[in-house]
Amino acid sequence: MKIEKGQPGYIKARKFRYLVYAIAEFAIVIAVFVLGYMQTGTKLNLMTVLAVVGCLPAAKMLVEFITMAPHKSISPERFKELEEKAGLLTRAYDLIITSTEKVMPVEAVIISGHVVCGYASSPKTDETVLSRHIKTILKNNRYDKMTVKIFHDYHAFLARVEGMSNIAAVQKPDRRHDKRIRDIILAISM
């Protein structure tokens, strides 16, 4: 089963995929270079040019792996707890949101109406910068008057999710609206 962006375990699966692809692509580059050298006896051949050009996609995979390597997926216990507490809300997990200044991991994002709430356990994630970035992206996509809050404290985040869930049980929010916001947030994530 392929793990899609926004599902738990995405970061772990993606890191493994990038690592395997990078190793395979560099192995192909080395094989092409060695084959060209063995056939002609010199580095000045067409196979060397092909090997050098082949380094570009291999290096891209390696950079993707290095970018994702320090980040981790949401723990299964927290995922299960959030699924129970936020069953009526739109959810996304295992996000690495990129801006022009920073790369910021977010373990979970919960969306309900005009409220986006996220949990980032990493101390490298700046709550205010990330909130501002998400709010700006949503505003650029014509979603004004959104409230975006990122938490480092899991218990505070969970309390906010429970409150949002209770409100959603009474109000029945528009799920299509929430899914469009989720898609925008997934688009700015790796």
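Reply: Gladly; here are some labels, each set against its cut-off. This is a predicted model, where local features need pLDDT of at least 70, side-chain atom pairs count only at pLDDT 80 or more, and totals for chains, interfaces and linings use all residues. Residues are numbered from 1 along each chain as its sequence is written, and side-chain values use heavy atoms, with hydrogens and water left out.

Me: How do you know what span helix α1 should have?

Reply: Helices (H or I, at least four residues) and strands (E, at least two) are DSSP runs, numbered from the N terminus. The expected span of a helix is 1.5 Å times one less than its number of residues. Helix α1 (residues 10-40) has 31 residues and should span 45 Å; its end C-alpha atoms are 45 Å apart, so the two agree. After α1 comes Gly41, with a positive phi near 80 degrees.

Me: What makes Tyr119 and Tyr154 an aromatic pair, and of which kind?

Reply: Rings of Phe, Tyr and Trp (its six-membered ring) pair if their centres lie within 6.5 Å; planes under 30 degrees apart count as stacked, over 60 as edge-to-face and the rest as tilted. Tyr119 and Tyr154 are 5.1 Å centre to centre with 70 degrees between the planes, which is edge-to-face. Tyr119 lies in strand β3 (residues 115-119) and Tyr154 in helix α5 (residues 154-171), so the pair ties together parts 35 residues apart in sequence.

Me: Why is the pair of Phe151 and Phe157 given its label?

Reply: Their ring centres are 6.2 Å apart and their planes are at 55 degrees, so this pair is tilted. Phe151 is buried at 11% relative accessible area, and Phe157 is buried at 0%. Tyr119, Phe151, Tyr154 and Phe157 form one aromatic cluster.

Me: What makes the charged end of Lys149 count as sitting over a ring?

Reply: The rule asks for NZ of Lys or CZ of Arg within 6 Å of the ring centre and within 35 degrees of the ring normal. The charged end of Lys149 sits over the ring of Phe151, 5.3 Å from its centre. Arg78 lies over the face of Tyr154, at 4.2 Å from the ring centre.

How values were computed. Buried < 20%, exposed > 50% of the residue type's maximum accessible area, 1.4 Å probe, protein only.
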